[in-house]
Amino acid sequence: MSYETILLEERGAVALITLNRPKALNALNKQLMDELTDAIRRIEANDAIGCTVITGSEKAFAAGADIKEMQSKTYADVMMEDFITANWEEVSRTRKPVIAAVAGYALGGGCELAMMCDFILAGDNARFGQPEIQLGVIPGSGGSQRLTRFVGKSKAMEMCMTGRMMDAEEAERAGLVSRIIPTEDLVEEAMSVAAKIAELSRPALFVLKESVNRAYEVPMAEGIRFERRVFHSLFAFDDQTEGMEAFIEKRTPQFKNK
C-alpha cells in the first residue's frame with residue numbers, strides 16, 4: 001500500500017509514523033486509519049524494527065475523527081461497517097512498543113489514538129480532550145474507558161461531560177502523559193527513547209507490555225500470578241543469559257531476541 005495521509009520512515013531500529021493531513025489538523029478519516037493499520041502491520045512483521053513512534057505536527061497530533069466523514073452516517077451504516085472497530089484497533093494490538101509523541105491538539109479520536117500507545121511524551125503545547133458530547137455523541141474509540149483508567153473517574157467524567165481540554169502540565173500531573181518535552185525537541189527525544197527501547201530484548205518487551213496491560217484487566221492476585229509465570233518463561237531465552245552475564249561482566253548486553 002502506498003500512503004497519502006501518513007508518512008512512514010525507518011531510522012535504524014525505530015519506525016516513525018507521522019500523521020499527515022495538515023489541512024484537516026490530522027483528522028482521522030477512514031483512509032488515514034486504513035493506512036495507519038497497514039503501517040503498524042508492516043512494522044510488526046519487520047524484524048529490523050523494535051519500536052515505533054507516532055506523531056503529528058507541532059499544531060496538532062490529531063484534532064479528532066473526521067466529522068465531515070461521519071456526519072451523514074446512520075446507525076445501520078456504522079453497525080454494518082463495524083465503524084471504528086474495523087480499522088482503529090491495530091495500535092492497541094501490536095506487540096512492539098509504540099510511543100505517542102503529542103504536540104498541539106489531541107482531541108477526541110486523537111486523544112484516543114494517543115492513549116492506545118504504550119506511553120505518551122507530550123510537547124509543552126499539547127492539549128488533550130474528549131469533546132464528543134458537544135456533537136451529541138460520546139467517545140467511541142475507548143476514550144471513556146482509557147481516560148478513566150489514566151486519570152480517574154472524576155476528572156474523566158468532567159472532561160467527557162464538558163469537553164474541557166487538559167494542557168500538558170495537567171496531563172502529566174494526572175498521569176496521562178509520562179513527561180513533558182519542549183515541543184521543538186519532542187520528536188527527536190521520542191526517537192531517542194525509542195532507539196534505547198529497540199536495543200532491548202524483544203521477548204522481554206513483549207511480555208512486559210502484556211503484563212502491564214494485564215494490570216487493567218484482572219484482579220491484583222491474578223495479575224501477579226501472570227507476571228510470575230511470564231517472568232519464569234524468560235529464563236528459557238538466550239537473552240536472559242546474555243543480559244545477566246553482561247551485568248556481572250560490567251558490559252553492554254548484546255541481545256539477539258531469542
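Guide: One term to begin with: contact means heavy atoms within 4.5 Å. This is a predicted model, in which local features need pLDDT of at least 70, side-chain atom pairs count only at pLDDT 80 or more, and totals for chains, interfaces and linings use all residues. Residues are numbered from 1 along each chain as its sequence is written, and side-chain values use heavy atoms, without hydrogens and water.

Visitor: OK. What is Q240 in contact with, leaving aside its neighbours within four places in sequence?

Guide: With those neighbours left out, Q240 is in contact with L234 and F235. Q240 itself sits in helix α13, residues 238–248. Helices here are DSSP runs of H or I with at least four residues, strands are runs of E with at least two, and both are numbered from the N terminus.

Visitor: How does Q240 count, buried or exposed?

Guide: Q240 counts as buried because its relative accessibility is 18%. Buried means under 20% relative accessible area, exposed means over 50%, and partly exposed is in between, with a 1.4 Å probe and protein chains only.

Visitor: Let's go to the start of the chain. How many residues does α1 have?

Guide: Helix α1 has 16 residues, 30–45. From first C-alpha to last, α1 reaches 23 Å, close to the 22 Å expected at 1.5 Å a residue. The expected span is 1.5 Å times one less than the number of residues.

Visitor: Which residues of α1 are buried?

Guide: L32, M33, E35, L36, T37, A39, I40 and I43. The cover over them includes the strands β1 (6–11), β2 (14–19) and β3 (51–55). Helices α4 (85–88), α5 (90–93) and α6 (109–116) are also included in that cover.

Visitor: You listed α6 as part of the cover. How many of its residues are buried?

Guide: Eight of its eight residues are buried, and α6 is mostly covered. They are G109, G110, C111, E112, L113, A114, M115 and M116.

Visitor: At what angle do α6 and α7 cross?

Guide: At roughly 60°, with axes that come within 10 Å. That makes α6 oblique to α7. The contact joins E112, M115 and M116 in α6 to G143, R146, L147 and F150 in α7. By class, this contact has four nonpolar, one polar and two charged residues.

Visitor: I need those terms spelled out.

Guide: Axes are lines fitted to C-alpha atoms, for helices over the stretch in contact, with angles from 0 to 180 degrees between N-to-C directions. Under 35 degrees is roughly parallel, over 145 roughly antiparallel, 65 to 115 roughly perpendicular, and the rest oblique. Ala, Val, Leu, Ile, Met, Phe, Trp, Tyr, Cys and Pro are nonpolar, Asp, Glu, Lys and Arg charged, and the others, Gly among them, polar.

Visitor: How far apart are the axes of α7 and α8?

Guide: The axes of α7 (143–151) and α8 (153–162) are 7 Å apart, at an angle of about 140°. That makes α7 oblique to α8. L147, T148 and V151 in α7 meet K153, K155, A156, M159 and C160 in α8. Five of these contact residues are nonpolar, one is polar and two are charged.

Visitor: What about α11 and α12, at what angle do they pack?

Guide: Helix α11 (202–214) and helix α12 (220–233) pack at about 175°, with axes 9 Å apart. The two are therefore roughly antiparallel. V207, E210, S211 and R214 of α11 make the contact with G223, F226, E227 and V230 of α12. The contact has three nonpolar, two polar and three charged residues.

Visitor: Off the helices now. Where does N26 lie?

Guide: In the loop between β2 and α1. Phi of N26 is near 60°, a positive value in a residue other than glycine. N26 counts as buried because its relative accessibility is 2%.

Visitor: And N257, where does that lie?

Guide: N257 is in the segment after α13. Its phi is near 60° too, positive in a residue other than glycine. At 33% relative accessibility, N257 counts as partly exposed.
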